[in-house]
Amino acid sequence: MFSLDQENISTSPASTKGPVKYGELIVLGCNGALPSGDKGRRKSRFALCRRNKSNGVKPSTVHSSCTPQAAKAVSNKEQHSISYTLSRAQTVVVEYTHDSDTDMFQIGRSTETPIDFVVTDTLPGGQNQADGQTAQSTISRFACRIICQRNPPYSARIYAAGFDSSKNIFLGEKAAKWRMQDGQMDGLTTNGVLVMHPRHGFSQGSRPGVWREMSVCGNVFTLRETRSSQQRGKMVDSECNELVDGSLVDLCGSTLLWRTAAGLAHTPTVKHLEALRQELNAGRPQCPVGLNTLAFPSLRRKDAVPDEKQPWAYLRCGHVHGYHGWGGRRDPAVGAERQERECPMCRTRGPYKPLWLGCEAGFYVDAEPPTHAFVPCGHVCSGATAAYWSQIPLPHGTHAFHAACPFCIQPLGGEAGCVRLIFQSPLD
């Protein structure tokens, strides 16, 4: 279930042990793998590595009218181009030429060959839309592209929109587009590509940054009033489209976390998370009522049906118990999933949920033991990791934002979004 390259990340992107790794994209809401399993280009994480032969492109000739040269650039399947339709009578075509210094990677919903990483809508609870539902998706078929420098420092820059099978990008009449002061064209995609760079890196001291929108040419803008508004935000000259460790990329239906190779070198591995699980179980935490020993299940059993030793917790106070069926006064006006129970230790009422360890190591900001749980899903991770994600506003719908558990993307509740767990040690 967990690939070896997740375990053996070298401390230097330029390591001679294998191809240079620029970084990895990890889908939020996938706790180590897609619910239906990782298959081909559709998976929970995607490594961007230096290609054997560069395939990057850069803008070159601009055709300002419907000339034969412009028509030829669009119809030539060996020529990358971006077409900006200003009106029925005028289309500006920008030719792109090969750039031997960069590699290009494309992300989107389409399963066509140009897409390197196929992304589908992620639903709360760690579920993905079924194949038959993708027609309703708000993710663009060719959502964005990332251009990586083939030489140190291996910078990665993100741009809205990707080239299709004919190596074209078409921005129609309804798409937001404009001519810049230098005469070049630029534009935004229908639902946009939003990016948030964390402040102070991706570590215990990280703080959320500000969400921005990336244009087709890689310029940075403040957010539109609504996701698909034709009126662009204000250009932010002081910021750029270069991804940093911990950058979040939202494609309107799925959010991706960018981790650099250097950042991943300081991230706990799945083996480390397994060792922390075994250490936690070795402490033989007990249910304070039934006095039976509790144990977190194997990481490979993540989010499965709880077993008899599964730890459960009252997520308002944090007291950890084994499962018991009493202590709840059923409220007929509230659904079964939202029923609250009374903790027998402190009489606090709140959600009563099974605890599951967060298995996606790339979401952790440190390698400390799992001590906190997200509310109300019950995913467990280190305190710093829980605190970080609890303060990150993730895009939701066309104009809303809310914090969510990175392991299942379920919106967080409670005052802090997470709770410190209180385990009882064995009495002997």
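The model is predicted, so local features are given where pLDDT is at least 70 and side-chain atom pairs count only at pLDDT 80 or more, while totals for chains, interfaces and linings use all residues. Residues are numbered from 1 along each chain as its sequence is written, and side-chain values use heavy atoms, without hydrogens and water.

**First stop: the mixed sheet**

Select β3, β5, β4 and β12. Helices (H or I, at least four residues) and strands (E, at least two) are DSSP runs numbered from the N terminus; two strands pair if DSSP finds at least two bridges between them. These 4 strands form an open sheet in the order β3-β5-β4-β12, with mixed pairing. At the edges stand β3 (56–63) and β12 (168–171), each with a single partner strand, so one side of each lacks a neighbour in the sheet. On average, neighbouring strands here are turned by 20 degrees against each other, direction ignored (axes are lines fitted to C-alpha atoms, and angles run from 0 to 180 degrees between N-to-C directions).

Next, select residues 80–85, which are strand β4; β4 pairs with β12 in the parallel sense over 4 bridges. Tyr-84 has Leu-171 of β12 as its bridge partner.

**Second stop: helix α3**

Select residues 270–282. The 13 residues of α3 should span 18 Å at 1.5 Å a residue, and the end C-alpha atoms are 18 Å apart, which agrees; the expected span is 1.5 Å times one less than the number of residues. Now colour Val-270, Leu-273, Glu-274, Leu-276, Arg-277, Leu-280 and Asn-281, the buried residues of α3 (buried means under 20% relative accessible area, exposed over 50%, partly exposed in between, with a 1.4 Å probe and protein chains only). They cover an arc of only 160 degrees around the axis, which puts them on the same side of α3; the arc is that of the directions from the helix axis to the C-beta atoms.

The face turned away from the buried side carries the exposed residues Lys-271, Glu-279 and Ala-282. Among the elements covering the buried residues is β25 (356–357), where contact means heavy atoms within 4.5 Å. Just after α3, Arg-284 takes a positive phi of about 50 degrees.

Strand β20 (residues 312–314) is joined to β21 by 2 bridges, and Ala-313 stands opposite Val-320 in β21.

**Last stop: the cysteines**

A search of the whole structure finds 0 disulfides (pairs of cysteine sulfur atoms within 2.5 Å). Select Cys-381: its sulfur lies 7.3 Å from the closest cysteine sulfur, in Cys-405, too far for a bond. Cys-381 is buried, at 0% relative accessible area.
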